[in-house]
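Hi everyone, thanks for coming. Let me put the structure up on the screen, and then we can walk through a few parts of it together.

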Amino acid sequence: MTAPTVPPAPNTDDPAPLVRLRGLSKHFDLSPPLLSRLLEGKRRRVLKAVDGLDLDIARGRTTALVGESGCGKSTVARMLVTLYTPTAGDLEFEGTEIGRLSDRRALAPFRRRMQMIFQDPFASLNPRWRVGRIIAEPIRAHGLMDDTTAIRRRVGMLLEHVGLRAADAERFPHEFSGGQRQRLSIARALASKPHFLVCDEPTSALDVSVQAQILNLLRDLQRELGLTYLVITHDLAVVRFIADTIGVMYLGRLCEVAPADRLFAAPRHPYTRLLIETVPDLRAPDRDRKPMAGEVPSPLDPPPGCAFHTRCPLANDRCRTERPALRPHGEGQANDGGAVACHAVEERRLPAWAPGSMLVSGSNADRTG
Amino acid sequence: MTEPLLSVRDLRVEFPTRRGVLTAVDGVSFDIHPGEILGVVGESGAGKSQTGAAIIGLLEPPGRVAGGEIRLDGRRIDGLTADQWRKVRGREIGAVFQDPLTSLNPLYTVGRQLAETIRTHIPMSERAARARALELLQEVGIPGAKDRLDAYPHQFSGGMRQRVVIALALCAGPRLILADEPTTALDVSIQAQITALLKRLCREHDTAVMLITHDMGVIAETADRVAVLYSGRVAEVGPVDDVVNRPRHPYTEGLMACIPTLHARPARLAQIEGSMPSLRAIPTGCAFHPRCPRAHDRCVAERPPLFENPPSAAACWLWAPNADRTAAVSAPS
């Protein structure tokens with residue numbers, strides 16, 4: 001697979017992160033109209049979808065955000081590709097603050113360098129356009145090439161790069177299977193020679209045998225092109241395969257960030273532990289697995305203190321009132337790049353990790369709600 | 001061995017279309033015993049949901065059962081009329097589908113829906129039905145069930161709604177529950193709650209469950225036996241531990257290998273090349289042969305039957321009596 005037009009790999013030795021987020025927040029105002037508030041005394045309602053997120057995304061590596069529905073992971077993805085404007089906080093991309101840029105022209109050079117792959121390859125490709133036109137669109141939109149023959153050649157190369165044939169440019173999206181369409185989305189994302197790909201649930205709509213093909217492809221492309229990925233997913237097994245660094249989100253906040261191997265070998269935050277314990281595993285099935293009790297509270301009305309305290313077996317009074325900050329775990333040499341937001345960890349109340357250790361609820365755990 | 005509760009033999013489901021007849025389910029056979037959870041897995045288009053729909057008499061027209069038989073407790077149910085189905089569906093077979101909101105009426109309180117369903121199948125006063133509804137909500141683990149009886153479906157969370165749907169399926173005390181992707185729309189922490197609930201109900205009431213899902217992890221932890229479907233046919237069926245850890249059909253083997261797990265981080269995932277054939281172009285012989293690393297001439301020409309090799313059975317010529325498996329096993333993919 002040769003691709004001479006592919007950009008030189010961004011310098012992955014550069015220690016500065018490609019993306020740097022500090023206190024990044026996105027609040028949605030869902031308040032009733034002003035008149036209702038004045039006349040009927042209704043209160044303001046603000047949904048804090050993302051609330052003060054600190055994260056570095058390292059160059060040439062894969063960072064993943066995991067969490068259950070409503071944890072804000074997709075909102076982060078949309079802010080990163082400048083589809084949403086952050087309510088507060090800093091969003092630095094390749095050293096430039098872009099979170100507050102709103103002018104299309106000012107954003108254009110950054111948008112070319114970041115692309116997004118969406119979950120549903122049936123909804124993200126224009127059904128009336130031929131594949132060649134779909135993939136050439138970023139090239140045209142960013143004015144990267146204007147010679148038609150050169151564009152056609154580049155589209156052919158992109159198609160071959162993702163495992164399709166150059167001749168497929170003449171076909172329509174409906175002629176492709178789900179997995180092939182996801183390859184088309186990837187080819188389109190690569191067309192503007194981005195450095196950074198945001199993949200929002202890239203394989204959730206695919207069958208497992210096809211999922212393996214796409215995950216392998218993403219990994220190959222990263223190696224060949226030096227791409228940086230942010231992968232958003234709820235699937236811990238996918239994260240285990242693809243991610244170098246993992247951030248676990250709960251109700252708009254990060255509860256733990258850690259290198260992938262460390263996170264699975266020794267998860268620290270009780271929520272991370274419960275998630276890992278709850279996932280059914282094909283290789284090590286636990287037929288008496290006790291489920292995690294409770295559900296994710298409404299993000300409109302998150303619990304005070306640590307948002308997870310309502311489901312946490314280690315919660316005490318401090319957890320119920322004081323919100324824990326995300327702190328690096330261990331100092332100096334002892335720090336492995338991980339950070340955790342948990343009072344129990346800080347107070348050394350956290351029991352040693354052994355699978356199953358966190359699920360303390362009784363045999364009727366499936367009844368608790 | 002007890003008599004099977006549900007027995008499916010050579011089931012064939014066809015969809016006549018303008019461009020010819022599509023065969024969604026083609027000669028599927030399996031049994032489910034009382035108190036047993038049978039997992040049915042397969043990728044999109046494998047025919048798992050159509051098999052389920054045929055069993056509960058809910059095939060979307062023009063789909064129809066074109067052959068074979070389905071027996072519930074020895075009685076044939078594949079040719080029932082709509083009126084006869086109404087006495088079987090809900091009464092003897094309960095159903096739980098993927099999206100709880102499509103199974104619940106948004107305009108009625110859950111208590112009313114439960115009581116109405118109970119009274120449809122069992123003669124009972126309204127008061128008694130309401131008391132029974134409360135019991136059911138408690139049984140499926142709705143906290144504060146008494147206060148929730150008069151709540152509407154939208155006032156419940158996704159996981160709680162799915163519990164209500166399970167309560168609905170239990171109303172008439174069915175002996176078989178058909179659960180089609182019951183956890184797919186739910187978050188992982190809720191998923192485990194629902195599968196634990198299904199397992200407990202199955203154990204306590206000796207109810208059989210046909211669990212249709214694409215998630216092998218859920219099957220590995222929930223099902224007793226599993227049937228793997230491919231292109232509308234059973235590729236392999238057997239005890240869940242054998243099928244997962246000692247797969248016989250090359251498709252099952254490929255499928256198990258390509259599922260990422262939490263316990264290891266391989267450099268690459270194993271992959272099965274290509275994708276499931278379209279119903280309009282099912283290959284000759286064994287439907288899996290174009291993707292099979294071990295296919296030989298016979299696979300292209302002749303469709304393999306399910307060869308019994310206890311404890312499991314595989315529809316693959318490699319498992320025909322006297323087949324030479326050693327040569328085939330060493331063939332690299």
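Let's begin with a question: are α4(B) and α7(B) roughly parallel or roughly perpendicular to each other? Keep in mind that this is a predicted model. Helix α4 of chain B covers residues 110-121, helix α7 of chain B covers residues 158-170, and the two pack at an angle of about 20°. Angles under 35 degrees count as roughly parallel, and α4(B) and α7(B) are therefore roughly parallel to each other. Their axes are 9 Å apart, and the crossing is right-handed.

Now, who meets whom? From α4(B) we have Val110(B), Gln113(B), Leu114(B) and Thr117(B), and they meet Val164(B), Ala167(B) and Leu168(B) in α7(B). That contact divides into 5 nonpolar residues, 2 polar and no charged.

Next, let's turn to where the chains touch. Chain A puts 41 residues into the contact, and chain B puts in 40. On the side of chain A, the elements giving two or more residues are α7 (208-225), α8 (236-242) and α10 (270-278). By type, the side of chain A that touches chain B has 21 nonpolar, 9 polar and 11 charged residues.

Finally, chain A as a whole. Its secondary structure comes to 12 helices and 12 strands, and its C-alpha atoms fill a box of roughly 70 × 60 × 45 Å along the principal axes. For 369 residues, a compact globule would have a radius of gyration near 21 Å, and the 22 Å of chain A agrees with that. Buried residues make up 47% of chain A.

Note on methods. Residues are numbered from 1 along each chain as its sequence is written. Chains are lettered from A and ligands numbered from 1 in the order in which they are written. This is a predicted model: local features need pLDDT of at least 70, side-chain atom pairs count only at pLDDT 80 or more; totals for chains, interfaces and linings use all residues. Axes are lines fitted to C-alpha atoms, for helices over the stretch in contact, and angles run from 0 to 180 degrees between N-to-C directions. Helices (H or I, at least four residues) and strands (E, at least two) are DSSP runs, numbered from the N terminus. Angles under 35 degrees count as roughly parallel, over 145 as roughly antiparallel, 65 to 115 as roughly perpendicular and the rest as oblique. A crossing is left-handed if the near helix is turned anticlockwise from the far one by less than a right angle, and right-handed if clockwise. Two residues are in contact if their C-beta atoms, placed from the backbone, lie within 7 Å. Ala, Val, Leu, Ile, Met, Phe, Trp, Tyr, Cys and Pro count as nonpolar, Asp, Glu, Lys and Arg as charged, and the others, Gly among them, as polar. The radius of gyration is taken over C-alpha atoms; the globule rule is 2.2 Å times the number of residues to the power 0.38. A residue is buried if 20 or more other C-beta atoms lie within 10 Å of its own, exposed if 12 or fewer, and partly exposed in between; C-beta atoms are placed from the backbone.
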